[in-house]
Amino acid sequence: MQSAEINNQKFPLQGVRGLDVCLSPALIPLYKVEDYIVVVIDIFRATSSICYGIQNGAEAIIPVSEVEECAAYREKSLDYLLAAERNGEVVGGFDFGNSPFSYTPEKVSGKTVVLTTTNGTHALHLSRSAKRVVIGSFLNLTALCNWLKMQNENILLVCAGWKNNFNLEDTLFAGAIIEQLKTSGYVLDDPAIAANDLFQVGKADVAKYLDKTSHGERMKKLGIEKDIAFCLQVDLTTAIPVLDGDRLVKLV
């Protein structure tokens, strides 16, 4: 890497804990990811479904970037459940997509799910070099924040966005995390301040505020409004999925 590129990277300040927000996966190269615990956020719907699936007894969830990678697991074992979503819809020939209603105990308990999504798994793969990668959603908000407070590390909240673009729901959720952590001695970067400001605007009625999101509109057109409501439930779970090798498992 050229020195000019290094100088453009974002580094946490020496001697203090940084609480930073990456507003899009396209911006991840600007951060020295290996200096952080990364929280991957894809509220509608990947990280919500991952949290719910791990809470409901999934042995592991394997995130992969491409549909072809997901399909290849069929040849490895018939025991894998294959989940693939693109543009909000289940990819034909797969067991299910990333609706949280597919991650019930009856379907996933004791199973390993291989998952690829439009945005969430992309952001996750770009974050793999972090000190630790965990998954965040409204479903596990308080459990996640309580755990983060106990870590003496810099934290980077990575918003999956929509096809590398900024989105409201992931950024607002990043602001919800910051709301619980900002008095714990962290130094916030400008995107973190903006995310928390956004949360202040929407926190009185998060569902109403996020009703205008572009991804929410896509989901409504697909007739899956119930997924939106499900993903905005707070503290439905206590499980924190953590990346262990190539598998997301329950943090213990």
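This briefing walks through some features of the structure above, grouped by topic. The model is predicted: local features need pLDDT of at least 70, side-chain atom pairs count only at pLDDT 80 or more, and totals for chains, interfaces and linings use all residues. Residues are numbered from 1 along each chain as its sequence is written, and side-chain values use heavy atoms, leaving out hydrogens and water. Helices (H or I, at least four residues) and strands (E, at least two) are DSSP runs, numbered from the N terminus.

**The nonpolar cores**

- A nonpolar core here is a set of buried Ala, Val, Leu, Ile, Met, Phe, Trp, Tyr and Cys residues joined through side-chain atoms within 4.5 Å.
- Buried means under 20% relative accessible area, exposed means over 50%, and partly exposed is in between (1.4 Å probe, protein chains only).
- The largest such core has 42 residues, and Val39, Leu148, Leu157 and Ile177 have the most contacts inside it.
- At least two residues of this core come from each of strand E1 (17-22), E2, helix H6 (141-149), E8, H7, helix H8 (190-202), helix H9 (206-210) and H11.
- H7 gives the most to this core, with 7 residues.
- Apart from this core lies another, of 33 residues, which includes Ala123, Leu156, Phe230 and Leu248.
- Contact means heavy atoms within 4.5 Å; not counting residues up to four places away in sequence, leucine 157 touches Leu19, Asp20, Val21, Cys22, Val39, Ile41, Ala174, Ile177 and Ile178.

**A look at helix H7**

- Helix H7 is mostly covered, with 11 of its 14 residues buried.
- Among the buried residues of H7 are Glu169, Asp170, Phe173, Ile177 and Leu181.
- The expected span of a helix is 1.5 Å times one less than its number of residues.
- For the 14 residues of H7 that gives 20 Å, and the end C-alpha atoms are 20 Å apart, which agrees.

**Aromatic rings**

- Rings of Phe, Tyr and Trp (its six-membered ring) pair if their centres lie within 6.5 Å; planes under 30 degrees apart count as stacked, over 60 as edge-to-face and the rest as tilted.
- The whole structure holds 6 aromatic pairs by this search.
- One of them joins tyrosine 52 and phenylalanine 230 edge-to-face, at 4.8 Å centre to centre with 70° between the planes.
- This pair links distant parts of the chain, since tyrosine 52 is in helix H2 and phenylalanine 230 is in helix H11, 178 residues apart.
- Tyrosine 52 is buried at 16% relative accessibility, and phenylalanine 230 is buried at 10%.
- Phenylalanine 138 and phenylalanine 173 also form an edge-to-face pair, 4.9 Å centre to centre and with 70° between the planes.
- Both phenylalanine 138 and phenylalanine 173 are buried.
- Tyr52, Phe101 and Phe230 make up one aromatic cluster.

**Charges over rings**

- A charge sits over a ring if NZ of Lys or CZ of Arg is within 6 Å of the ring centre and within 35 degrees of the ring normal.
- Arginine 17 places its charged end over the ring of tyrosine 186, 4.1 Å from the ring centre.
- Lysine 226 lies over the face of phenylalanine 101, 5.0 Å from the ring centre.

**Backbone details in loops**

- The peptide bond from phenylalanine 44 to arginine 45 is cis, with omega near 15°, and arginine 45 is in the loop between strand E2 (36-41) and helix H2 (46-55).
- Asparagine 164 is not a glycine, yet has a positive phi of about 75°; asparagine 164 is partly exposed, at 35% relative accessible area.
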